[in-house]
Amino acid sequence: MTTMPTPVQPIPRGGMARLVGRRLTDWVPALVVLVGMVGLWEGLIRAFDVQEFLLPKPSAIARTFWNTRSDLWAAGWFTFQEALGGFVLGCGFAILVALVLARWRILGSAFMPYAIAANAVPIIAFAPITNTWFSPLDKSSKISIVAVLCFFPVLVNTLRGLTSVNPRALELMESYAAGQVQIFRRVRIPTALPFMFTGLKVATVLAMIGAVVGEYFGGALNALGVQILTKARVAQFQEAWAGILLACLLGIALYLAVAALERLTLRWVPSTSE
Amino acid sequence: MSVVEIKDVTKQFGQTTALRGIDLAIDEGEFVSLIGPSGCGKSTLLRIIGDLIQPTSGTATVNGKPARQARIDRDYGIVFQDAVLYDWRTVAKNIALPLELARWDRRRRAAKVKEMLDLVELGGFESHHPWQLSGGMQQRVAIARALSFDPSLLLMDEPFGALDEMTRERLNMELLRIWEASGSTVVFVTHSIAEAVFLSTRVVVMSPRPGRISDVILTDLPQPRTAATREEPRFFELVTQVREALHLGHDVDHKLEASA
């Protein structure tokens, strides 16, 4: 070799830019759209004098959100604990089951059709049932429905990742006389991580939906879902919308937390480290 | 002593006979190419030597041991057509992988990785990730990884098949230099007649349906081989000889098909 080969791309460095995945200036167009949409919403309601029970003004929602923040936050925290508890439980169990099904493929082929079918079932429909299994006032009734909701997408995605390893990569490990534990640790699990995070991100969304909708079927008075429902029933629409806003913010926060964890974990993936 | 000894090996995949009646002995320090059209079983034969698949009948011996024992003893390194580098590992950690599995301690691993990086002339790239390297560089990492634990045998399955002609010829020279430096025995699967003649001490010509050895050609070109070797009359004679052997294999094949 006479010429020194040069790298195709420089090694990216860490920092805030890595966590959010792009430069802050890249967010400007999205911010403009957000401000524009909220402004349009406000303007249309003022212009056409839309009744509050149909849709309150964003400024009114924001004011109510701020004025009732301590009550809202208490309710939000209660519901967030249910969502997070169910998320951790459901996802943790899903990852364990995926490892077992990937290791013993006969189990995988026996159970996977049902897991995929279950993934297509509207599990949230079972919420009234889990409310009767546990006390509806107790967090465990919502944690259980959230766990079941989170379980299937994480299971299906993680298992797909664990089993979609390049056959050459496995032959290579075999040529080194590596055992199953080594193959999982060094090849299958790293290959599965991007798939697993896709499942986890889907699960964050399902977790908040599960907790809030579960509460619509009955729950403690200080739960966010119950608050939204009762405020809407007594025509306190600004309060109901403030509750919905908080549910959205909590859902987004959980999603972003998992996305940040993904970026920290998958530093080696070109698409996440650019 | 023979490093590889194949005795009367047959391999069936269902109804298809991939290999029939293969006998082949490869001596220490040889560079043997397996060449033939698609479906002649050359990759299958390589995998039988590496105990990645097992023959239906017959035996494969490596370093005087059954192939399985040789694999467990890590007697060979293998390189595939695509580099099969692990994306989540840096270049250095990819090369160190077999050493980790063999439970070398950290300091010994680091020293060996440095030695291998120098051997394949990739010093300075140890903390790069595979996707930051060109195809030729990736393949050199794969070769460094295969040789990192000093195996006596190197198995290569069309290692340069996906590279452009220029890179391929350069890596051919690299490989010969590494072969001479390491003193290992090489079994090399290829589609390219020129590559087989240029690299090998012996070319094993195979033909398909069923996969079998149709000819073995001794390539008596002087060592060490250089860029000038490709322009010698003897090089062209050998290329012609291998080409004719390949076509003969095909003719037999067509006659069999006609009579079937």
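Predicted model: local features only at pLDDT ≥ 70, side-chain atom pairs only at ≥ 80, totals over all residues.

Colleague: How many helices and strands does chain B have?

Modeller: Both kinds of element occur in the secondary structure of chain B. The count is eight helices and 10 strands.

Colleague: What is the radius of gyration of chain B, and what would a compact globule have?

Modeller: Chain B has 260 residues, and a compact globule with that number would come near 18 Å. The C-alpha trace of chain B spans about 60 × 40 × 35 Å along its principal axes. The value for chain B agrees with the globule value, because its radius of gyration is 19 Å.

Colleague: What percentage of the contacts in chain B joins residues 24 or more positions apart?

Modeller: Take the contacts in chain B with a separation of 6 or more. As background, buried residues make up 47% of the 260 residues in chain B. Among those contacts, the share from residues 24 or more positions apart is 70%.

Colleague: Is Leu171(B) buried or exposed?

Modeller: Leu171(B) sits in helix α6 (residues 165-182) of chain B. A residue needs 20 or more C-beta neighbours within 10 Å to be called buried. Leu171(B) has 22 inside 10 Å, so it counts as buried.

Colleague: Which residues does Leu171(B) touch, leaving out those up to four places away in sequence?

Modeller: Gly36(B) gives a sense of distance: 135 residues along the chain from Leu171(B), with the C-alpha atoms separated by 21 Å. For contacts, set aside the residues up to four places away in sequence. Leu171(B) then touches Gly136(B), Gln139(B), Phe160(B) and Leu163(B).

Colleague: Is Arg74(B) buried, exposed or partly exposed?

Modeller: Arg74(B) is in the loop between α2 (67-72) and β6 (76-79) of chain B. Its phi is near 55 degrees, positive in a residue other than glycine. Arg74(B) has 16 C-beta neighbours inside 10 Å, so it counts as partly exposed.

Colleague: Where in chain B is Pro210(B)?

Modeller: The bond between Arg209(B) and Pro210(B) is a cis peptide bond, with omega about -5 degrees. Pro210(B) belongs to the loop between β9 (202-207) and β10 (212-218).

Colleague: Where is Pro224(B)?

Modeller: The peptide bond from Gln223(B) to Pro224(B) is cis as well, with omega near -10 degrees. Pro224(B) lies in the loop between β10 and α8 (233-259) of chain B.

Colleague: Now chain A. Is the crossing of α5(A) and α7(A) left-handed or right-handed?

Modeller: Helix α5 (residues 105-119) and helix α7 (residues 139-163) of chain A pack at about 135 degrees, with axes 9 Å apart. That angle makes α5(A) oblique to α7(A). Their crossing is left-handed.

Colleague: How do the residues of that contact divide?

Modeller: From α5(A), the contact includes Gly108(A), Met112(A) and Ala115(A). From α7(A), it includes Phe152(A), Pro153(A) and Leu155(A). The residues of the contact of α5(A) with α7(A) divide into nine nonpolar, two polar and no charged.

Colleague: Which residues make the contact between α8(A) and α9(A)?

Modeller: Helix α8 (residues 167-175) and helix α9 (residues 180-216) of chain A have axes 11 Å apart, at an angle of about 135 degrees. So α8(A) is oblique to α9(A), and the crossing is right-handed. The contact is made by Ala169(A), Leu170(A) and Met173(A) of α8(A), with Gln182(A), Ile183(A) and Val187(A) of α9(A).

Colleague: Which element supplies the largest share of the side of chain A that touches chain B?

Modeller: The contact takes 22 residues from chain A and 24 residues from chain B. In chain A, α8 and α9 each supply at least two residues of that side. The largest share is six residues, and it comes from α8(A).

Note on methods:
Residues numbered from 1 in each chain as written. Chains lettered and ligands numbered in written order. Axes fitted to C-alpha atoms, helices over the stretch in contact; angles between N-to-C directions. Helix = DSSP H or I, 4+ residues; strand = E, 2+ residues; numbered from the N terminus. Parallel < 35°, antiparallel > 145°, perpendicular 65-115°, else oblique. Left-handed = near helix turned anticlockwise from the far one by under 90°. Contact = placed C-beta atoms within 7 Å. Rg over C-alpha atoms; globule rule 2.2 N^0.38 Å. Buried ≥ 20, exposed ≤ 12 C-beta atoms within 10 Å, placed from the backbone. Nonpolar A, V, L, I, M, F, W, Y, C, P; charged D, E, K, R; others polar.
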